[in-house]
Amino acid sequence: MAGFTVAVTAARRADELSALLQRKGAQVIAAPALRIVPLSDDQRLASVSDELARRPADIVIATTGIGFRGWVEACETWGTVDPLLASMRTSRLLARGPKAKGAIRAAGLTEEWSPPSESSAEVLDYLLEQGVTGLRVAIQLHGEPLPDFTAALRLAGADVVEVPVYRWTQPENTAPLDRLIDAITDGGVDAVTFTSAPAAAGLLARAHTTGRTGALVDALRGDVLAMCVGPVTARPLMAHDIPTVWPERARIGAQVRKLTEELPARFPTLGVAGHRLRLRGHAVLVDGTVHTLSPTLMRLVRELARRPGQVLDRTRLLTCLGEDADAHAVETAVARLRTALGDARIIQTVVKRGYRLALDTPDCAPQP
């Protein structure tokens, strides 16, 4: 991942994800796209908990580990945790994933079932197959309502109790997030990682607030890879027709491994002047050695690599150098690029025509 810049939007476990990416060689920009607000002092949560303690649910669904633990801890502060846990021991407990399962067991309870896919959709299918008519079903929300999930249960005849343990909101300090959006839209980021749907929604919401939705969506539909931890996380992005990628297992480690496969595959590897040339987001690897380039030189080499072996005239290359550049600036930039790459032969001058990458073999097909 050397030569790539990856954005981290997570609020929780941002340090862990950043460290994994840095160990792979990536440069990381971290800015939380959301803030978790616990509802330990929320009267609605207290009221729902008291109601479930008095009248236990037939089924309790834990959707997240942090949410279920926060629910138990809030009731501990109110002195009502024992009645709540006693009521849950009479309920069938379902865990959406292993973290929720761990939180259930940490509370001294035992889950009945957890879906292999770790998805709410499979939990819903399981409940509908089992039948929920006349049953009281409590669902711990994970920061936002689950209207489709709860509506399907109610249509199937269940009495649904929603448990709002915490909610998501925008960060208190939005300056880092604004800078991250600038980096994405200006081409300074190669991939953006998302570990929750609210983080994806939070990034889009902040872009909307600051009038940059179009630029952000265009970047994520274009050269910037949106790497999600799973399909649920990807939904807010998919609603904007943004292509998304995720690993088979919804884990941060698996997400990083998938990213290390997907991101380099987007960039060409070329045999040039006896070297192996591999483009990255802000660097070029020459025979495995990282050569970090300025944004201007990176645009120049990227333009040459788009049509490897083809001659590009000075007028075309001039567009990579900015509006104020003149024809002489192309010669200067090519000279700087040759020096930066360590071998002047990599970029070949074609007299009176322009410049091209000096491909070793004719079997490197031009890139469209």
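## Strands 13 and 14

Val-284 faces His-291 of strand 14. Strand 13 (residues 283-286) runs antiparallel to strand 14, the two being joined over 4 bridges; pairing requires at least two bridges found by DSSP. Strands are DSSP runs of E with at least two residues, helices are runs of H or I with at least four, and both are numbered from the N terminus.

This is a predicted model, in which local features need pLDDT of at least 70 and side-chain atom pairs pLDDT 80 or more, while totals for chains, interfaces and linings use all residues. Residues are numbered from 1 along each chain as its sequence is written, and side-chain values use heavy atoms, without hydrogens and water.

An open antiparallel sheet holds 4 strands in the order 11-12-13-14. Strand 11 (269-272) and strand 14 (289-292) are its edges, each pairing on one side only. From one strand to the next, the twist averages 30°. Helix 13 (residues 295-306) packs on this sheet, touching strand 11, strand 12 (275-279) and strand 13, and its direction makes about 110° with that of strand 12. Contact means heavy atoms within 4.5 Å; axes are lines fitted to C-alpha atoms, for helices over the stretch in contact, with angles from 0 to 180 degrees between N-to-C directions.

## Helix 12 and its cover

Helix 12 (residues 252-265) has 14 residues. Its buried residues (under 20% relative accessible area, 1.4 Å probe, protein chains only) include Ile-252, Val-256, Leu-259 and Leu-263. Among the elements covering them are strand 1 (5-8), helix 1 (14-23) and strand 12.

Conventions: The expected span of a helix is 1.5 Å times one less than its number of residues. Buried means under 20% relative accessible area, exposed over 50%, partly exposed in between (1.4 Å probe, protein chains only).
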